Amino acid sequence: MVMYPEKYWWEQDFEHLSVTRREQGDRHTAVITLDLPQQRNAMSEEMTSSWARLADLLRDDTQLACVVVTGAGSAFTSGGNLGWLMAEPDASVSDLRARMRNFYCRWLSMTRLEVPVVAAVNGHAIGAGLALALACDVRYVAEQARLAVPFTGLGLHPGMATTWSLPAVAGPALAADMLLTGRVVMGHEAVGLGLASAAAPADEVLRLALAAADRVAAAAPVATRLTLAALRGGGHANPGAALEWEALAQATTMATADLQEGVRAATERRAPAFTGR
């Protein structure tokens with residue numbers, strides 16, 4: 001017997017998050033807005049819990065094609081709440097380690113989805129806020145957004161996988177510069193430095209991200225998921241591993257009805273109607 005939820009994820013309430021559904025045929029995109037603008041969308045405990053709960057719900061949605069993440073107001077997110085960092089001055093290293101791992105894992109839970117996650121960085125993305133954007137598969141940024149990971153300037157080691165994600169996205173030289181010196185990168189610089197796909201005025205960034213999500217939703221679901229699996233985690237270890245994966249994954253897609261539909265649509269010069277089969 002199939003069990004259906006009392007409410008779908010787009011019908012539920014989330015503290016400090018706003019969630020809407022963008023439909024495209026039988027598939028849809030989840031548009032998530034970090035919604036605590038009076039605190040520059042700082043990652044509150046309520047927002048963190050909402051984010052993790054939503055990720056669990058999205059993981060079970062077989063019609064989900066893409067996720068878009070943006071911020072309310074003028075910021076994407078200012079990252080972790082500094083007051084939270086100072087809340088337990090007498091806590092042991094072991095207790096703090098467990099607390100931070102839990103925080104990281106909840107926020108990085110979206111990376112376990114089998115669909116692309118697109119960041120519409122509408123404003124400043126600082127510390128864990130930039131880490132969240134780096135964890136997304138594609139990034140569009142506001143031209144005047146400030147992007148920074150000023151952990152060491154606070155006496156804090158970088159967190160939320162930035163010592164891996166920043167070098168993976170933009171290369172070791174820029175990562176060392178930003179992580180060791182606190183360098184601030186402006187949004188209009190981000191494309192040239194490899195941090196983003198495009199920069200635009202703040203009020204245009206979400207439109208770019210949604211257009212990208214629509215293109216993802218229009219593509220073949222099986223091919224998209226297999227391609228995402230190949231790209232995630234920094235890609236394959238070497239060319240040989242890539243060839244072995246591609247020989248299997250491409251053969252898998254060649255056996256789908258979507259491949260036949262895609263070829264017919266290209267021949268007939270029309271948009272394909274993929275079904276995920």
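Leaving aside its neighbours within four places in sequence, which residues is serine 78 in contact with? The first legend below takes up this question, and every view is drawn from a predicted model.

**View 1. Serine 78 and the residues it touches in the predicted model.**
Serine 78 sits in the loop that runs between strand 4 (75-77) and helix 2 (82-85). Once its neighbours within four places in sequence are set aside, the residues in contact with serine 78 are Gln39, Arg40, Asn41, Ala42 and Ile126. The relative accessible area of serine 78 is 19%, and because buried means under 20%, this residue counts as buried.

**View 2. Arginine 40, a residue with a positive phi.**
Arginine 40, which is one of the contacts of serine 78, belongs to the loop between strand 2 (27-34) and helix 1. Although arginine 40 is not a glycine, its phi is positive, at about 50°. With a relative accessible area of 52%, arginine 40 is exposed, whereas serine 78 is buried.

**View 3. Histidine 16, in the segment before strand 1.**
Histidine 16 is also not a glycine, and it has a positive phi of about 65°. The segment that holds histidine 16 comes before strand 1 (17-24). Its relative accessibility is 23%, so histidine 16 counts as partly exposed.

**View 4. The packing of helix 1 against helix 3.**
Two packed helices are described by the angle between their axes and the distance between the axes. For helix 1 (residues 45-59) and helix 3 (residues 93-107), the axes come within 8 Å and cross at roughly 50°, which makes helix 1 oblique to helix 3. The crossing in which helix 1 passes helix 3 is left-handed. On the side of helix 1, the contact is made by Glu45, Met47, Thr48, Ser49, Trp51 and Ala52, and on the side of helix 3 by Phe103, Arg106 and Trp107. Sorted by class, the residues of this contact between helix 1 and helix 3 are five nonpolar, two polar and two charged.

**View 5. The packing of helix 5 against helix 6.**
Helix 5 (residues 162-170) and helix 6 (residues 172-181) pack with their axes 7 Å apart and at an angle of about 135°, and they are therefore oblique to each other. Here the crossing in which helix 5 passes helix 6 is right-handed. The residues of helix 5 that take part are Thr162, Thr163, Leu166, Pro167 and Ala170, and they meet Pro172, Leu174, Ala175, Met178 and Leu179 of helix 6. The contact of helix 5 with helix 6 contains eight nonpolar and two polar residues, and no charged ones.

**View 6. Alanine 273, in the segment after helix 11.**
Alanine 273 is placed in the segment that follows helix 11 (257-268), and with 51% relative accessibility it counts as exposed. Threonine 163, a residue of the contact between helix 5 and helix 6, lies 110 residues away from alanine 273 along the chain, and the C-alpha atoms of the two are separated by 41 Å.

**View 7. The setting of the close-ups within the protein.**
The protein has eleven helices and ten strands, and buried residues make up 41% of its 277 residues. Along the principal axes, the C-alpha trace spans about 65 × 45 × 40 Å. A compact globule with 277 residues would have a radius of gyration near 19 Å, and the 20 Å of the protein agrees with this. Among contacts between residues at least 6 apart in sequence, 67% join residues at least 24 apart.

Technical notes. Residues numbered from 1 in each chain as written. Predicted model: local features only at pLDDT ≥ 70, side-chain atom pairs only at ≥ 80, totals over all residues. Heavy atoms only, no water. Axes fitted to C-alpha atoms, helices over the stretch in contact; angles between N-to-C directions. Helix = DSSP H or I, 4+ residues; strand = E, 2+ residues; numbered from the N terminus. Parallel < 35°, antiparallel > 145°, perpendicular 65-115°, else oblique. Left-handed = near helix turned anticlockwise from the far one by under 90°. Contact = heavy atoms within 4.5 Å. Nonpolar A, V, L, I, M, F, W, Y, C, P; charged D, E, K, R; others polar. Rg over C-alpha atoms; globule rule 2.2 N^0.38 Å. Buried < 20%, exposed > 50% of the residue type's maximum accessible area, 1.4 Å probe, protein only.
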